[in-house]
Amino acid sequence: MAKNLLSSAVFAGLIAGLIAALLQFVFVIPLLLEGELYETGARVHFGADGTPVSERGAPGLGGEWGRHMMTVAFNVVTYTGYGLLLAAAMGFARERTGLLITAKNGLIWGLAGFIAVQLAPAVGLPPELPGTPAAEITPRQIWWICSILATAGGLALIAFGQSLLMHVAGLLIILAPQLIGAPHLDTFWGVSPPELSAEFVTHSLGYAAIGWATLGYFVAFFLARGETD
Amino acid sequence: MTTQTANITAVRSNGFAFIMALTVGVALLTVSGMAQATVLHDAAHDQRHAMAFPCH
């Protein structure tokens, strides 16, 4: 079992990490690099002359291959890490409830993972374009982890709970971290155009959804295959 | 009797497998998303932003 969980997560993490990295280079990293132009002051929005107009256009990926290779490598590490959590959850649910794990319902597991790990925390802490000042890192990391745990726990109650009461409790647990609220600054400090920040948020969430769906599909695919061998 | 013993052993080893997978998974995510050491932060920077980890 341990070997099956580990190998499923590693193979699925490699596939999902590479696909996610490819999508990021096409859709997300160019926006990130464009954001850095405002972070460094190479471009200025809301300038002192009173004309909040700046040119649109990403600078291109450039020749920083070392930097981009790191992005690919860390995507594989991240997706393998999430793959291990997914594999453990799938294996546990299969053992406890007799649930059949297939590649197809793995898609649902992956999308539930996306909701718990990307969407719910992003409701409180929107994905940040570089150059967006934010509250202290430690309280944000704590809120981020708590919102993931609460959302995952709430989704599990809704998915596996036997009564309406448990389903309602699941929803309330999902809402709790949002009601408490994520740590934020008292002031707005952003230097980049709001349109650019908004696009960065929708792109990073949208392509993470594809990454997670791919991860769920392949973790389940390899888990199911490992059981029949 | 023999069957019972085998079942108990199987369940125990699965519990270990789940905990092992969770531990290794969290360790990997700590490295790729959470650790603030400068070298790690800089190398993982773009990926952290793209995956919406709370970064610097």
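In the predicted model, the side chains of R43(A) and E34(A) are joined by a polar contact of 3.5 Å (N or O atoms within 3.5 Å, one able to donate a hydrogen and the other to accept it; residues adjacent in sequence count only if both atoms are side-chain atoms). R43(A) sits in the loop between α1 (2–40) and α2 (65–97) of chain A (helices are DSSP runs of H or I, at least four residues). Beyond its neighbours within four places in sequence, R43(A) is in contact with residues including E34(A), L37(A), Y38(A) and E55(A) (heavy atoms within 4.5 Å).

The rings of W144(A) and F53(B) form a tilted pair, because their planes stand at 50°, with centres 5.3 Å apart. This pair crosses between chains, from helix α4 (residues 137–160) of chain A to the segment after α2 (38–50) of chain B. W144(A) is buried, at 7% relative accessible area, and F53(B) is buried at 5% (buried is under 20%, exposed over 50%, partly exposed in between; 1.4 Å probe, protein chains only).

Y217(A) and F218(A) pair edge-to-face, with centres 5.2 Å apart and planes at 75°. Y217(A) is partly exposed at 33%. F218(A) is partly exposed at 21%.

Residues are numbered from 1 along each chain, and chains are lettered from A in the order written. Local features need pLDDT of at least 70 and side-chain atom pairs 80 or more, whereas totals for chains, interfaces and linings use all residues; side-chain values use heavy atoms, without hydrogens and water.

Note on methods. Helix = DSSP H or I, 4+ residues; strand = E, 2+ residues; numbered from the N terminus. Phe/Tyr/Trp six-rings, centres within 6.5 Å; stacked < 30°, edge-to-face > 60°.
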